[in-house]
Amino acid sequence: MHYFKEIFGRIWALYAAIIFFPALLVFVIPIKLSFYLREPYGMKLFRGTTQFWMGSFLYMIGSPLRIHGREHHKKGKNYVVVCNHSSF
């Protein structure tokens with residue numbers, strides 16, 4: 001059973017890499033364009049593009065983004081939110 005899990009994991013990783021690089025080529029144009037725009041427009045384009053790109057990519061490889069705990073945040077309060085990547 002462990003052997004099949006290992007094979008499946010490698011096939012899934014290969015599939016993710018095959019999906020990632022063409023998607024990168026599509027989204028690199030608006031990302032590069034964002035560097036030439038004045039702030040805050042450049043950052044808005046960069047964040048919007050990378051969020052859409054990664055959200056789409058994660059969905060396509062079967063790992064959709066899930067956010068937990070948002071309901072605990074109260075309007076007007078300060079919070080520290082830690083993310084593991086700049087696009088989210």
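View 1. Leaving aside neighbours within four places in sequence, T49 touches F27, P30 and I31. Contact means heavy atoms within 4.5 Å. T49 belongs to helix α2. Helices here are DSSP runs of H or I with at least four residues, strands are E runs of at least two, and both are numbered from the N terminus. T49 is buried, because its relative accessible area is 9%. Buried means under 20% relative accessible area, exposed over 50%, and partly exposed in between, with a 1.4 Å probe and protein chains only.

Local features in this predicted model need pLDDT of at least 70, side-chain atom pairs count only at pLDDT 80 or more, and totals for chains, interfaces and linings use all residues. Residues are numbered from 1 along each chain as its sequence is written, and side-chain values use heavy atoms, with hydrogens and water left out.

**View 2. The largest nonpolar core.** This core holds 9 residues: A16, A23, F27, I31, W53, M54, F57, L58 and I61. A nonpolar core is a set of buried Ala, Val, Leu, Ile, Met, Phe, Trp, Tyr and Cys residues joined through side-chain atoms within 4.5 Å. Helices α1 and α2 each supply at least two residues of the core.

**View 3. Aromatic rings.** The count comes to 8 aromatic pairs. Rings of Phe, Tyr and Trp (its six-membered ring) pair if their centres lie within 6.5 Å; planes under 30 degrees apart are stacked, over 60 edge-to-face, and the rest tilted. One of the pairs joins Y3 and F4, with an edge-to-face arrangement. Their centres lie 6.1 Å apart, and 65 degrees separate the planes. Y3 and F4 are both exposed. Ring pairs also link F20, F21, F27, F52, W53 and F57 into a cluster.

View 4. Helices α1 (2-34) and α2 (41-60) each give two or more residues to the patch. Helix α1 gives the most, with 3 residues. F8 lies in helix α1. F8 counts as exposed because its relative accessibility is 54%.

**View 5. The salt bridge between E6 and R10.** The structure holds 1 salt bridge. A salt bridge is a side-chain nitrogen of Lys or Arg within 4 Å of a carboxyl oxygen of Asp or Glu. Here the side chains of E6 and R10 meet at 3.0 Å, N to O. Both residues lie in helix α1, 4 residues apart, about one turn of the helix. E6 is partly exposed, at 36% relative accessibility. R10 is exposed, at 57%.

**View 6. The loop between α1 and α2, and K44.** P40 lies in this loop. A cis peptide bond joins E39 and P40, with omega about 5 degrees. Most peptide bonds are trans. K44 is found in helix α2 and counts as exposed, at 59% relative accessibility. The C-alpha atoms of K44 and S34 are 8.1 Å apart, although the two residues are 10 residues apart along the chain.
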